[in-house]
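Student: I have a structure to look at today. Can we go through it in questions and answers?

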Amino acid sequence: LPRDHHPLDYEMLHQLGKALDMKIGCSLVVGEWDRYNRLRGVPHVTYDEENWDMASQIDPEYARQCLEILEGSEYIDYTLHALIHGYYDKGKLVTEKQYYPFRYDPEQNCYTKEYARLSPEEFRQHIELFLQICADWGLKKPIRTFASPCGCMGTPESNRDYIRILKDYGIQFWHNGW
C-alpha cells in the first residue's frame, strides 16, 4: 500500500475471511511495531542501525485498535514475513529481499546483482527478533507459515538450513518456498 496500514485494513481482512468462511494469511512486517527498539544495533535490518528508535514513533491507540482486530479475528492467520522487509547497508536499502541480499564484491566495493543468503545464524537471529516483537505486543495466535519477502531464492535443497530453523519455531509452511 502507498500509505500506512489502518485498523480498517485489518477489519477488511477479517470481514473478507468471514464472508469466504476461510482464514486469510496476514504477512506481518513487525519492525514498525518495535516498541523496545530491539532492532537497534542489529546489522542490515533497518535504515538507521545505530540510532533506531521506533519506540518513540508508535501511537499506542493505533496499535491497540489494530491488535484488537488481529487478535480478535478467527479469520486472520499470522504469517512470519519480515522485520523491515529489506536488507540495508549503511542506511541504504540494498534489496527488498531481507533474507537473500545481493552479494557484496569487496574488490569492486559494491553489491552485485547476484543473490546471496543470510548465514543460518543471521537468519535465526531475524526469526528470533520477529517473534520477540510479536511477544512484546502479546500476539497469541500460533505462527505456522513463513513467506520470504519478494520471493525465495534457491531450491528446497539449498534452503535446508532455513527450513530446519523455521521448523524449530513451529513453522509448517513456506508460502513461496516451493
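Student: Which residues form one aromatic cluster?

Tutor: Keep in mind that this model is predicted. Rings of Phe, Tyr and Trp pair if their centres lie within 6.5 Å. By this rule the count comes to 12 aromatic pairs. One aromatic cluster is formed by Tyr99, Tyr100, Phe123, Phe146, Tyr162 and Trp174.

Student: Tyrosine 99 and phenylalanine 146 form an aromatic pair: is it stacked, edge-to-face or tilted?

Tutor: The ring centres of tyrosine 99 and phenylalanine 146 are 5.4 Å apart, with 55° between the planes. Planes under 30 degrees apart count as stacked and over 60 as edge-to-face.

Student: How far is the charged end of arginine 35 from the centre of the ring of tryptophan 137?

Tutor: A charge sits over a ring if, among other things, it is within 6 Å of the ring centre. Lysine 141 lies over the face of tyrosine 78, at 5.1 Å from the ring centre. For arginine 35 over tryptophan 137, the distance is 4.0 Å.

Student: Are helices α1 and α2 roughly parallel or roughly antiparallel?

Tutor: Their axes come within 9 Å and cross at roughly 5°. Angles under 35 degrees count as roughly parallel. Therefore α1 and α2 are roughly parallel.

Student: Which residues of α1 make the contact with α2?

Tutor: By class, this contact has six nonpolar, one polar and one charged residues. On the α2 side are Tyr62, Gln65, Cys66, Ile69 and Leu70. On the α1 side are Pro7, Tyr10 and Glu11.

Student: Which residues is histidine 126 in contact with, leaving aside its neighbours within four places in sequence?

Tutor: Histidine 126 lies in helix α3. Histidine 126 is buried, at 2% relative accessible area. Its contacts are Val45, Leu83, Gln98, Tyr99 and Leu118.

Student: Which residues does valine 30 touch, not counting residues up to four places away in sequence?

Tutor: Valine 30 is in the loop between β1 and α2. Valine 30 counts as buried, at 5% relative accessibility. Valine 30 touches Ala82, Leu83, Phe130, Ile133 and Cys134.

Conventions: Residues are numbered from 1 along each chain as its sequence is written. This is a predicted model: local features need pLDDT of at least 70, side-chain atom pairs count only at pLDDT 80 or more; totals for chains, interfaces and linings use all residues. Side-chain values use heavy atoms; hydrogens and water are left out. Rings of Phe, Tyr and Trp (its six-membered ring) pair if their centres lie within 6.5 Å; planes under 30 degrees apart count as stacked, over 60 as edge-to-face and the rest as tilted. A charge sits over a ring if NZ of Lys or CZ of Arg is within 6 Å of the ring centre and within 35 degrees of the ring normal. Axes are lines fitted to C-alpha atoms, for helices over the stretch in contact, and angles run from 0 to 180 degrees between N-to-C directions. Helices (H or I, at least four residues) and strands (E, at least two) are DSSP runs, numbered from the N terminus. Angles under 35 degrees count as roughly parallel, over 145 as roughly antiparallel, 65 to 115 as roughly perpendicular and the rest as oblique. Contact means heavy atoms within 4.5 Å. Ala, Val, Leu, Ile, Met, Phe, Trp, Tyr, Cys and Pro count as nonpolar, Asp, Glu, Lys and Arg as charged, and the others, Gly among them, as polar. Buried means under 20% relative accessible area, exposed over 50%, partly exposed in between (1.4 Å probe, protein chains only).
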